[in-house]
Amino acid sequence: MVEEGNTRAIIKKIVPRVFKAALWGFITYLLVYYPLTLIYPFELLPFAYNQLFNVFVTIVVFFAVVTKLFSGTILEYAFSIAKTLVIITYFFYVLNGGVISLTVPVSGTTVNLVLDLRTFLSMLIFVNLLALAKSILQATDFLARKVEASQLSVR
C-alpha cells in the first residue's frame with residue numbers, strides 16, 4: 001500500500017513536467033521551423049541543405065524538451081551545456097570550418113565560388129561559448145544553493 005501512494009505521488013509530479021516539456025517542444029518547433037518555411041521555400045534548396053536544416057530543428061527541439069523536462073535539477077544545466085557543444089559542432093560542420101566552395105554552372109560554363117565565412121563562424125562560436133559559460137555559472141550557482149540549503153537544515 002505504501003508503494004501505491006508513493007507511485008501516485010511520483011506520477012502526479014512527472015505528468016505535468018512531461019506535458020509542459022511536450023508543449024514547450026511544440027512551441028519551439030513552430031518558432032524555429034515554420035517562419036523559415038514561410039520566408040524561403042525549401043524545395044529550392046539542394047537535398048543535403050534541407051537535411052541539415054532538419055537536423056538543426058531536431059537538435060533545438062530535442063534540447064528544448066529535455067531541458068524543460070529536467071528543469072529544477074542539475075540535469076537541466078548539463079543538457080544546456082551539451083546543447084551548446086552540439087550546436088558549436090553543428091555550425092563548424094555545416095560551414096565546413098568557415099570555407100565553403102561551390103561549383104555553379106552558368107550558361108555552359110562552370111563558375112567556382114569560394115566563400116570565406118571564418119569570421120562569421122568565429123562570431124557564432126563565440127556567442128555559443130558565452131552561452132556555455134552562462135550554463136556553467138548557473139550550474140555552479142545551483143549546486144552552491146543546494147549545499148547552502150543542506151547546511152542550514154543540519155544546524
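**Exercise 1. Find which residues I87 touches, not counting residues up to four places away in sequence.**

Before going on, a word on the model: it's predicted, so local features need pLDDT of at least 70, side-chain atom pairs count only at pLDDT 80 or more, and totals for chains, interfaces and linings use all residues. Residues are numbered from 1 along each chain as its sequence is written, and side-chain values use heavy atoms, with hydrogens and water left out.

**Exercise 2. Work out which elements give two or more residues to the largest nonpolar core.**

Solution. First, the core itself: it has 17 residues, and I87 is among those with the most contacts inside it, along with V57, I59, Y90, F91 and L121. (A nonpolar core is a set of buried Ala, Val, Leu, Ile, Met, Phe, Trp, Tyr and Cys residues joined through side-chain atoms within 4.5 Å.) Next, the elements: α3 (47-69), α4 (74-94) and α5 (118-154) each give two or more. Finally, α3 gives the most, with 7 residues. (Helices are DSSP runs of H or I with at least four residues, strands are runs of E with at least two, and numbering goes from the N terminus.)

**Exercise 3. Decide whether S135 is buried or exposed, and list its contacts.**

Solution. Find S135 in helix α5. Its relative accessibility is 4%, so S135 counts as buried. (Buried means under 20% relative accessible area, exposed over 50%, partly exposed in between, with a 1.4 Å probe and protein chains only.) Leaving aside neighbours within four places in sequence, S135 is in contact with Y77, S80 and I81.

**Exercise 4. Describe how β1 and β2 pair.**

Solution. β1 and strand β2 (residues 109-116) run antiparallel, with 8 bridges. (Strands pair if DSSP finds at least two bridges between them.) Within this pairing, P105 stands opposite T110 in β2. The hairpin has 2 residues between the strands, and S107 takes a positive phi there, near 40 degrees.

Terms used:
Contact means heavy atoms within 4.5 Å.
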